[in-house]
Amino acid sequence: MTAAAQTPTGSSGARVAVQKFGTFLSGMIMPNIAAFIAWGLITAFFIETGWTPVAELGGFGTDENGEENTGLVGPMITYLLPLLIAIQGGRMVHGLRGGVVAAVATMGVIVGTDQPMFLGALVMGPLAGWVMKQLDRLWEGRVKPGFEMLVDNFSAGIVGAALAVLGFFSFAPVVSGISTVLGNGVDWLVDNGVLPLASIIIEPAKVLFLNNAINHGVLTPLGVSQSVEDGRSILFLLEANPGPGLGVLLAWMVFGTGMARSTAPAAAVIHFFGGIHEIYFPYVLMKPVLLLGAISGGMVGIATLTLFDAGLRAPAAPGSIIAVLAQTPSNAFLGVVLSVLLSAATSFLVCSVLLKASRKKDGDLAGATAAMEGMKGKKSSVADVLAGPAGERVGSAAAGGEAIEDAARTDRAPIQRIVFACDAGMGSSAMGASVLRNKIKKAGFPDVSVSNQAIANLTDDADLIVTHRDLTARARTMAPSAEHVSVDNFLNSPQYDAIVEEVRTTNRHDATSSN
């Protein structure tokens, strides 16, 4: 294996820490997005103002006995979704045992207030898992044989019950107050017309791979609470709007050069219809000035939503135009569609001017690598971790570095498991894994496993891990023994071919040695 580069320090280290925290928050919600979508669809169809109202499902009107219909919408938003979030948070801290205790503890917070307790679930879930984990450590290895099940079950039950009571009397009022303050803050931003300024924070944070943390860790919980009251929320489109990213890619299609221009059309299709926003991040990172276009587009999109009082019923995940339209209320289509179109047009116009002004500089992805590294404040990790077929490290030319000899190349172990990791374990990592898997199969190595998963779920049993260069530092902390490869472009990276060549060299060398 190649030597890992030193962990970044300073601002890069702080960014990694923020990414880790944001990933933990979004990691509790992302696996449950399908449940949010299901709730949104049930709401869209069956509530009293929905497309096909059904009293028994929508929870309005009374039944034949004169009792109010409970329906699905209310119980799902009050109990199901917060409990799913809490269970996931507990599992992330202390496995299934932590998830069970987290569910019990969060019930105390849920019934302690009349608000949807998403914020309470985000806090109580991992807290309950952590408490259970610490208590389990106290008697680990000290329980007499035959009493393990008794101790495990009763300890978890006692802790869960105690935390549920504690949450009901003390935690629920506090979280309810915080939720009210945050909700009032959002209302103030909307009422005073300053919500579009949020793009100044959101758009740069997105390209630093904090998109899932912002959207699902912060905006989604607040948006769901707002949607319960108003039937829709503008917060679901602050980050998920595909317009700004589409404008960036369209500008590259028209005024870009080299590899960036040739790959932009496919990236635009994947971004706009597939909803994988990470696909356009490298196009911004290679020319950071294009952030001005993305910010401008985001501000225009939010202003349009505010003007038309538009929003979505539930989160649009992934951020595809298909998902956006599916979650749009019937009376908000005009505002939502204009928001996407105007934000894309604004981003395109601004980025076009900026690209034309700098067309002679850093015209493609390879030529811009050095500029990217300067902006990020760290050396190319590609030059340190991936050997090419001729003893050179792939990426050294792009980074402006010299070829580095790999004297120990033939001593490497064969590569059997490759993992493509990204922040959420979906989207870009799934796309990259698909491309890489096809290349390796065509090379004649169908036994080599290529999968995708979230960085937070990485284990130190993979042979080679592929990530975007801004996520490599985090991946190394999760799997220090693996070989780490950084890529800049998810669609067409030269590193993929180099990985195939490395598999061909190491695996065939191993087969020859065994004979």
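The questions below go from the whole chain to its sheet, its helices and a few single residues.

Biologist: How many helices are there in the chain?

Modeller: The model is a predicted one. Its chain has 515 residues, and 53% of them are buried. Besides four strands, the number of helices in the chain is 19.

Biologist: What share of the contacts in the chain with a separation of 6 or more comes from residues 24 or more positions apart?

Modeller: Contact here means heavy atoms within 4.5 Å. Among the contacts with a separation of 6 or more, the share from residues 24 or more positions apart is 71%.

Biologist: Which strands stand at the edges of the open sheet?

Modeller: The sheet is open, its four strands follow the order S2-S1-S3-S4, and their pairing is parallel. A strand at the edge has a single partner strand, so one of its sides is left without a neighbour in the sheet. The strands in that position are S2 (449-454) and S4 (483-487).

Biologist: By what angle are neighbouring strands of this sheet turned against each other on average?

Modeller: The strands in question belong to the sheet with the order S2-S1-S3-S4. With direction ignored, neighbouring strands are turned against each other by an average of 25°.

Biologist: How many bridges join S1 to S2?

Modeller: Strand S1, residues 417-422, also pairs with S3, residues 464-468, in the parallel sense over three bridges. S1 and S2 run parallel as well, and the number of bridges joining them is six.

Biologist: Which residue in S3 is the bridge partner of phenylalanine 420?

Modeller: Phenylalanine 420 has a bridge partner in S2, namely asparagine 452. Elsewhere in the sheet, isoleucine 418 stands opposite leucine 464 of S3. For phenylalanine 420, the bridge partner in S3 is valine 466.

Biologist: Why is S1 described as largely enclosed by the rest of the structure?

Modeller: A residue is called buried if its relative accessible area is under 20%. S1 has six residues, and it is largely enclosed because the number of them that are buried is five.

Biologist: At what angle does H17 run to S2?

Modeller: Helix H17 spans residues 428-442, and its 15 residues reach 21 Å from first C-alpha to last, close to the expected 21 Å. Its buried residues include Met431, Leu436 and Ile440. H17 lies across S1, S2 and S3, and its angle to S2 is about 175°.

Biologist: Which residue with a positive phi follows H17?

Modeller: The phi of this residue is near 95°. The residue that follows H17 is glycine 444.

Biologist: How many nonpolar residues are in the contact of H2 with H4?

Modeller: From H2, the residues that meet H4 include Phe36, Trp39 and Ile42, while those of H4 include Met76, Leu81 and Ile85. The contact has one polar residue and no charged ones, and its number of nonpolar residues is 11.

Biologist: Which helices are included in what covers the buried residues of H13?

Modeller: H13 (residues 333-357) has 25 residues and reaches 36 Å, close to the 36 Å expected. Its buried residues include Gly335, Val340, Cys351 and Leu355. The cover of these buried residues includes H8, H9, H11 and H12.

Biologist: Is arginine 474 buried or exposed?

Modeller: Arginine 474 is found in helix H18, residues 472-478. With a relative accessible area of 3%, arginine 474 is buried.

Biologist: Where is aspartate 309 found?

Modeller: Most residues other than glycine have a negative phi. Aspartate 309, however, has a positive phi, near 50°. Aspartate 309 is found in the loop between H11 and H12.

Notes: Residues numbered from 1 in each chain as written. Predicted model: local features only at pLDDT ≥ 70, side-chain atom pairs only at ≥ 80, totals over all residues. Heavy atoms only, no water. Helix = DSSP H or I, 4+ residues; strand = E, 2+ residues; numbered from the N terminus. Expected span 1.5 Å × (residues − 1). Buried < 20%, exposed > 50% of the residue type's maximum accessible area, 1.4 Å probe, protein only. Pairing = 2+ DSSP bridges. Axes fitted to C-alpha atoms, helices over the stretch in contact; angles between N-to-C directions. Nonpolar A, V, L, I, M, F, W, Y, C, P; charged D, E, K, R; others polar.
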